[in-house]
Amino acid sequence: VFLFMFGVGMIVAMLPAKMLALSDSAVQVGAMASAFAVPYILFQLPIGRLADRYGCKKFLAGGYGICAVAGIIFHASHSSQAILWGRMVQGIGEAPVWALGPALLSILYPGRKARAMGWYNASLHLGLMAGSLTGVLMARIWSGSQAFLLFSALSTAAAVWIAIGGDE
C-alpha cells in the first residue's frame, strides 16, 4: 500500500492541473471526482463477493494492475475525456485495493489484526505524504507525464508483490 499511495500522492496534484490545461473548465476538474467514485462504488460489492468465493489476493493484485493501466491512460491523455476515462479505470482498480487489503490482512494475521491494520494505515498515509512531497519537488524537473508513468510502475510493483507474497 505504501508503494501505491506514493504513486497516488505524486499524481493527485497533477491530474487537476492537466485536466484544467486540456479542458479550460473547472467543471471538468470537478467531474474527475465523479468519474472515479461511480465505478469505485459500483464495483465494491461484486468484487467482495468474488473475493469471498475465489480469494482476495488475485483480485487485490488485479486492482493494482488496473490502476497501472490508469497511469498509462493519464500519461497518454491528450483530452479531458481521456482523463475522465482514466479516472473511471482508476476507480475500478481501487475498488478491490481498498476493500480487499484489510480483508487479506485479517486473514494473514488473525491473532494480530489490530496491529496489522495499524501498520497498513501508517503505510498508506506515509506513502501519500512521501509521494505528495516527491511530486511537488519533482514537478520542477519533470514535464508532468513522468509522474503518471511512475504511478503505473509502482502500481505494477504492488500487483506483483501481492501476487507472489504471502498465503491467502
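**View 1. Phe 4 and Tyr 64 touch the most other members of the 40-residue largest nonpolar core.** Such a core is a set of buried Ala, Val, Leu, Ile, Met, Phe, Trp, Tyr and Cys residues joined through side-chain atoms within 4.5 Å. Buried means under 20% relative accessible area (1.4 Å probe, protein chains only). H1, H2, helix H3 (26-54), H4, H5, H6 and H7 each supply at least two residues of this core. Helices are DSSP runs (H or I, at least four residues), numbered from the N terminus. The model is predicted: local features need pLDDT of at least 70, side-chain atom pairs count only at pLDDT 80 or more, and totals for chains, interfaces and linings use all residues. Residues are numbered from 1 along each chain as its sequence is written, and side-chain values use heavy atoms, with hydrogens and water left out.

**View 2. Helix H1 (residues 2-12) is mostly covered.** Of its 11 residues, 8 are buried. They are Phe 4, Met 5, Phe 6, Gly 7, Val 8, Gly 9, Met 10 and Ile 11. These buried residues pack against H2 (14-23), H4 (56-76), H5 (80-108), H6 (113-138) and H7 (145-164). Beyond its neighbours within four places in sequence, Phe 4 is in contact (heavy atoms within 4.5 Å) with Tyr 64, Cys 67, Glu 94, Val 97, Trp 98, Phe 151 and Ser 155.

**View 3. The largest pocket has a volume of about 630 Å³.** On a 1 Å grid over the protein atoms alone, a pocket is an open set of points where a 1.4 Å probe fits, with protein on both sides within 12 Å along at least five of seven lines; lining residues have an atom within 4 Å of a point. The lining counts 21 residues, with Val 1, Leu 105, Tyr 120, Trp 161 and Ile 162 nearest the centre. H1, H4, H5, H6 and H7 each give two or more residues to this lining. H5 gives the largest share, 5 residues. By class, 16 lining residues are nonpolar, 4 polar and 1 charged.

**View 4. The second largest pocket has a volume of about 150 Å³.** Its lining includes Met 5, Val 8, Ile 11, Arg 87, Gln 90, Glu 94 and Trp 98. H1, H2 and H5 each give two or more lining residues. The classes are 8 nonpolar, 1 polar and 2 charged.

**View 5. Cys 56 is in no disulfide.** A disulfide is a pair of cysteine sulfur atoms within 2.5 Å. The nearest cysteine sulfur to that of Cys 56 belongs to Cys 67, 16 Å away. Cys 56 is buried, at 5% relative accessible area. Cys 67 is also buried, at 0%.

Conventions: Buried means under 20% relative accessible area, exposed over 50%, partly exposed in between (1.4 Å probe, protein chains only). Grid points are joined across faces, edges and corners, and a volume is the space filled by probe spheres set on the points. Ala, Val, Leu, Ile, Met, Phe, Trp, Tyr, Cys and Pro count as nonpolar, Asp, Glu, Lys and Arg as charged, and the others, Gly among them, as polar.
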